Amino acid sequence: MKMLLAILGLSVMLSAADGGALYQKCAACHGLKGEKAALGKSEVISGWSSAKTLEALKGYKAGTRNTKGMGAIMKGQTATLSDGDMKTLADHISGLK
C-alpha cells in the first residue's frame, strides 16, 4: 500500500513538472503567469479553466479555432502536442494566478 501511494505521489509530481515544462514555450508570448495578451492580440489566459483551455488547444491544433487571428500561429504551437500533453498543459494553465 505504501508503495502504491509513493508511486501515485511521484506520478502527480511528474505531471506537475511536465505541465510547467510544456508551458515554457507558451510563456514567451503569454507571460510566466498567463497574464499577457500574446502579441497584443489574444485573450489573457490566466484564470481560464482546464476545460476551456483544453477546448482552445484542441481547436487550434485541428485548425478550427482562429480567435483574434491567432489560429495559424497557435496551430504551429500545438502541432506536436499529444492529447495527454494538451490535458497536462491545460491543467497547468488553470493553476496560473
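Student: Is M74 buried or exposed?
Tutor: M74 counts as buried, because its relative accessibility is 15%. Buried means under 20% relative accessible area, exposed means over 50%, and partly exposed lies in between, using a 1.4 Å probe and protein chains only.

Student: Before we go on, what kind of model is this?
Tutor: This is a predicted model, where local features need pLDDT of at least 70 and side-chain atom pairs count only at pLDDT 80 or more, while totals for chains, interfaces and linings use all residues. Residues are numbered from 1 along each chain as its sequence is written, and side-chain values use heavy atoms, with hydrogens and water left out.

Student: Thanks! Where does M74 lie?
Tutor: M74 lies in helix α3, residues 71-78. Helices (H or I, at least four residues) and strands (E, at least two) are DSSP runs, numbered from the N terminus.

Student: Which residues of α3 are buried?
Tutor: G71, M74 and T78 are buried in α3. Seen down the helix axis, the buried residues of α3 fall within an arc of 70 degrees, so they line one face of the helix. That arc is taken from the directions that run from the helix axis to the C-beta atoms.

Student: And what is M74 in contact with?
Tutor: Leaving aside neighbours within four places in sequence, M74 is in contact with H30, L57 and Y60. Contact means heavy atoms within 4.5 Å.

Student: L57 and Y60, which helix has those among its buried residues?
Tutor: That's α2, whose buried residues are S50, T53, L54, A56, L57, G59 and Y60. The buried residues of α2 pack against α3 and α4, the latter being residues 83-94.

Student: How many residues does α2 have, and what is its reach?
Tutor: Helix α2 covers residues 50-62, so to speak 13 residues, and reaches 18 Å from its first C-alpha to its last, close to the 18 Å expected at 1.5 Å a residue. The expected span is 1.5 Å times one less than the number of residues. After α2 comes G63, with a positive phi near 85 degrees.

Student: Changing topic: how many disulfides are there?
Tutor: The structure holds 0 disulfides. A disulfide is a pair of cysteine sulfur atoms within 2.5 Å.

Student: How far apart are C26 and M74?
Tutor: They are 48 residues apart in sequence and 9.9 Å apart in space, C-alpha to C-alpha.

Student: What about S42, where is that found?
Tutor: S42 is in the loop between α1 (2-30) and α2. S42 counts as buried, at 13% relative accessibility. A polar atom of the S42 side chain lies 2.8 Å from the backbone nitrogen of A38. Leaving aside neighbours within four places in sequence, S42 is in contact with H30, K36, A37, K68 and M70.

Student: Now the whole protein: how many helices and strands?
Tutor: The protein has 4 helices and 0 strands. Buried residues make up 30% of its 97 residues. Among contacts between residues at least 6 apart in sequence, 51% join residues at least 24 apart.

Conventions:
Polar contact = N/O pair within 3.5 Å; in protein donor to acceptor, adjacent residues only side chain to side chain.
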